[in-house]
Amino acid sequence: MDTTDSDHTHSRWLDKVSRIPLILGGLCLLAMMIQVTLDVAGKYLFSSPVPVTAEMVTYYYMVGVAMFPLYALERGSSLVHVEIVYAHLPRLLKHIVRLLSLALAAAYCFAVAYAAVKPALQAYDIGTYSGTLYTVITWPTRFFPIVGFGLLGLFLTIKAIALLTGRPPAEDREDEPPETGASSG
Amino acid sequence: MSDIQVGLTGLGLVVVLLMLRVPIGVALGGVAFGGIWVLFGPRAAWGILSDIPYDFSAHWTLSSIPMFLLMGYVSYYSKITEGLFKAAQVWLGRLPGGLGIATVAGAAGFSAVTGSSLAASAAMGRIAVPAMQEHGYRPGFAAGIVAAAGTIGSMIPPSIIMIIYGVFAEVSIGQLFIGGVIPGILTALFYSGTIAVRVKLNPALAPKVTSQITWSHRLRCLKDVWPFMLLVVGVFGGLFSGIFTPTEAGAVGAFLAFVIAGFMGALNLQVTKDAIVETIKGTSSIFFIAIGAALLTSFLAISGVPAFLSSLISELELSQLELMLLISLLFVFLGMFLDPLGCMLLTLPVLLPVLEAQDANLIWFGILLVKFLEIGLITPPVGLNVFVIKEIVGNKVPITQIFAGVSWFIISDLFLLALLILVPSLVLWLPGLVS
Amino acid sequence: QTVIRASSWHPPKHPGVIGGYDPFMNYVKKESNGELDFKFWSGGSLSNAKSTLPTVRNGIADIGVLALTYFPAEFPYAQLVSNMAMFSENPPAIAAAVTELVVLDCKPCRDEFTSKGLVFTSSYSTTPYTLISKTPIESPADLKGKKFRSAGTLWDRWANYVGGTAVNVSSAEMFEALDRGGVDVAVFSPSALKSFSLWDIAKYDVMLGLGTYAAMSLFTMNQSFWRDLTPEQRKILLDGSALGVMGVTFAYMDSDDDVLKQAKQHNVNIVKPGESLVKQRDAFVEEDSKKLQQLAKDQYGIQDAEPIITRYRELLKKWEGIVNEVGPDRNKLAERMQQEIYSKVDPKTYGM
Ligand code: NA
Ligand code: NA
């Protein structure tokens, strides 16, 4: 519902490439639903669960669904925030506050991504895995937060730069919604 | 500065940052990171930042959140629930806020399927909010109803919070579950009353159905309810016969929703794509905030603020009523910022011995605790249930409006809480019958 | 004065706290004349079972509890220990034997801690696992086709061996699953009847000893914290951990006794296992232990498992003898651990 406004801020190829993590997140979601359902059916009908279901859900699907789509939150103001004081600020101050909050958000995301690098490399070195009779390697999932938070940080930075160069992102308008459908009674 | 002062300063800073439009997840996580740096140095700060985002997401029981979200989105886009809300509107239309009351009842029913409030909100949100808005409900009012109604999820069994409390306090989980039934139903009744009163006072919130509805129309509407009934029967039946657990129920529910949508001929690529994209965006948005809340909880654990406040209470010589009053204040305050689990874990080690010394009934206290924690889910600035609903309604309703809509239900919750404190038998009567 | 930050994810009334951290901290405070003091987080308020590893590693806590089967890749040798859980049914002997094995006789076991900036000091043992169920279990036929909720690899293998299925259910969901039939049998110590309220729903607890959980590191030290202490202070912490090891183990036994006494009131039958069940278990242990070396090599990449397994069996025998001789006295057994294990450790070099 908010794909058009991004054309101004991002180049088209970036837009295409950036869909990949969203698709990965969607695949994680579907896989989670299907594997858990099969596991339930397998346990009930044949007394044979699908191996490593809990491990796949916990490490791959959950981390994937939580992390991969993060960057998409940069659009359409999906990063939930509060509008109490901000809304009443004068225009220039609004601009500055907005810029600072974007910078802070980007810094936070880069910090989380950076912090995740060391444990990811450690997990890779050790070859972490999970499970009992059947096992599944888990170290690749340690890299998911780096991708998720890193990309989000990147997109926030691009947005901050756009704001700094005087091209406010389109979704700045949509923060104060009209009271649609409120007075039909 | 002492550790406690650093902790309290951190909380103040969170509020300031939120006012300045910093995204909620960033404000919580950023303050936590800085605070831990101040208290324990950079190594600890980076350590916690490297661990919690991953550790928090890699969670089996939380998988019910994306799965129930998906079930809700699929049901919404394929109109599985449309017939239900038409019927509800036709049947309850003359009741002030009838659709809202139906939503509360639906959430209470759904609470018997899921162990988590967030999952209950996730499942109900996409179904109920648009339905209410279509019938002219004010957006903040509609969103507030669902955010509050979701909190019944942990009160009516099953309940993950009760299980953790039961293990912690070494009291019977079965008794806690039974003890939650009446307070859960009372919560639903209180919420329904709140809706009715609000609509009576301000009819513009939720317009009444004015046209005359015939009985044949009413009965005709019932036949469109079947897709939803099928979903309910599948999820409830499977859960109660032990085919799957409350966590697995989400995945099976989402799968069933797809199957039913297929049978209705309502499933196409667009519906599938929309449901999936909105679910994953919603999930990662909720996790982005929840990770911040988990980081903040860790910071507060390290600063010792919750334990300090609890110990202040424990050192006073108080009657049980005074004690409960102060504990209520403590939880309302901590619940503003902490996630429910953190809130419980950080206070119980100090509070439990005090309650035991007072000879307080720990089943009763457990139920009160669940109520406290549930209230925390809808109080600002960190109200996870509100954030879930905000995610579902998107940009159409600002978060302040949802918090405003929810505030009435918090007041009704406080009344109920007082009632449960003053009349413990409301909690203890049913467990007493069973044991 | 040094304030030590200690974190346990065990709830405040759990044997791990009342039997382990409490007496340990008291001992250390007293022996150091208050030079060493504690700030203690219990119940997972600082770190949960999984996050305790990074928490102690990063120095957020100086001391913490690790359940080592959560980290199979990080602690392969501990997994080997976990797979030997059915060799004995004597909790204090197991606790002391595992501790002695790691502290004195198994360098690679210690190295898997020091390589991560951690120092191992002590293990502990739960009481033997039993079969908690809603339906009676009298013979191997009653185990066939059942769904088991177990605590790890070894028990999952056992479940397969008896013709059942190991299902993955989190401890938070065990109550629900057992209640509604998602799980038929919970493989746990009798204390779980109380701690997880299983006696609200279970009808039987079959006391078929299925080994204990001892792949624990009770007082895991952060290595740089450890290095900053004086050798005398390290000695105090080591001796104190002996108290903790026996304290937790005996607290588990007390809790079992307590629960078994109350079981009748909760309509749970405590059942002595039939001979055929015991035979089946013994046959499993024999067959399984033959595969242990191969398993260690294949699953955990341990090439030198044989001497470790042999040494562990010797140590079990030694400590079963000592427990027999001393009797069920936690303080005396802790003293014996100090003599037999920690007095042979050089606090100037250990864990450095
Ligand atoms: Na529930
Ligand atoms: Na709150």
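Reader: How many residues does the contact take from chain A and from chain B?
Author: This is a predicted model, in which local features need pLDDT of at least 70 and side-chain atom pairs count only at pLDDT 80 or more, while totals for chains, interfaces and linings use all residues, and side-chain values use heavy atoms, with hydrogens and water left out. Residues are numbered from 1 along each chain as its sequence is written, and chains are lettered from A and ligands numbered from 1 in the order in which they are written. With contact taken as heavy atoms within 4.5 Å, chain A gives 66 residues and chain B gives 64 residues.

Reader: Which side chains meet in the salt bridge of chain A and chain B?
Author: A salt bridge here is a side-chain nitrogen of Lys or Arg within 4 Å of a carboxyl oxygen of Asp or Glu. Between chain A and chain B the count is one salt bridge. At 2.8 Å from N to O, its partners are Glu248(B) and Lys43(A).

Reader: How many nonpolar residues has the side of chain A that touches chain B?
Author: Helices (H or I, at least four residues) and strands (E, at least two) are DSSP runs numbered from the N terminus. The count between chain A and chain B is two residue pairs in polar contact, both at pLDDT 80 or more, where a polar contact is a pair of N or O atoms within 3.5 Å, and within protein one must be able to donate a hydrogen and the other to accept it, with residues adjacent in sequence counting only if both atoms are side-chain atoms. Helix H3 (19-46), helix H4 (53-67), helix H5 (91-126) and helix H6 (144-164) of chain A each supply at least two residues of the side that touches chain B. By class, with Ala, Val, Leu, Ile, Met, Phe, Trp, Tyr, Cys and Pro counted as nonpolar, Asp, Glu, Lys and Arg as charged, and the others, Gly among them, as polar, this side has nine charged, 15 polar and 42 nonpolar residues.

Reader: Which residues of chain C supply 29% of the area that chain C buries against chain A?
Author: This contact takes 14 residues from chain A and 18 residues from chain C. The buried area is about 1300 Å², with 54% given by carbon and sulfur atoms. The 29% comes from Ala73(C), Asn168(C) and Gln299(C).

Reader: Which element gives the largest share of the side of chain C that touches chain A?
Author: Between chain C and chain A there are zero salt bridges, but five residue pairs are in polar contact. Helix H7 (153-161), strand S7 (165-166) and helix H13 (292-300) of chain C each supply at least two residues of this side. The largest share, four residues, comes from H7(C).

Reader: What is the relative accessibility of Pro158(B), a donor to the sodium ion?
Author: Donors are N, O and S atoms within 2.8 Å of the metal (3.2 Å for Na, K and Ca), and water is not among the atoms, so sites may look incomplete. The sodium ion (ligand 1) is coordinated through O atoms of Ser111(B), Thr114(B), Gly153(B), Ile156(B) and Pro158(B), at 2.3 to 2.4 Å. Buried means under 20% relative accessible area, exposed over 50% and partly exposed in between (1.4 Å probe, protein chains only). Ile156(B) is buried at 11%, and Pro158(B) also counts as buried, at 2%.

Technical notes: Buried area = accessible area lost by both parts, 1.4 Å probe.
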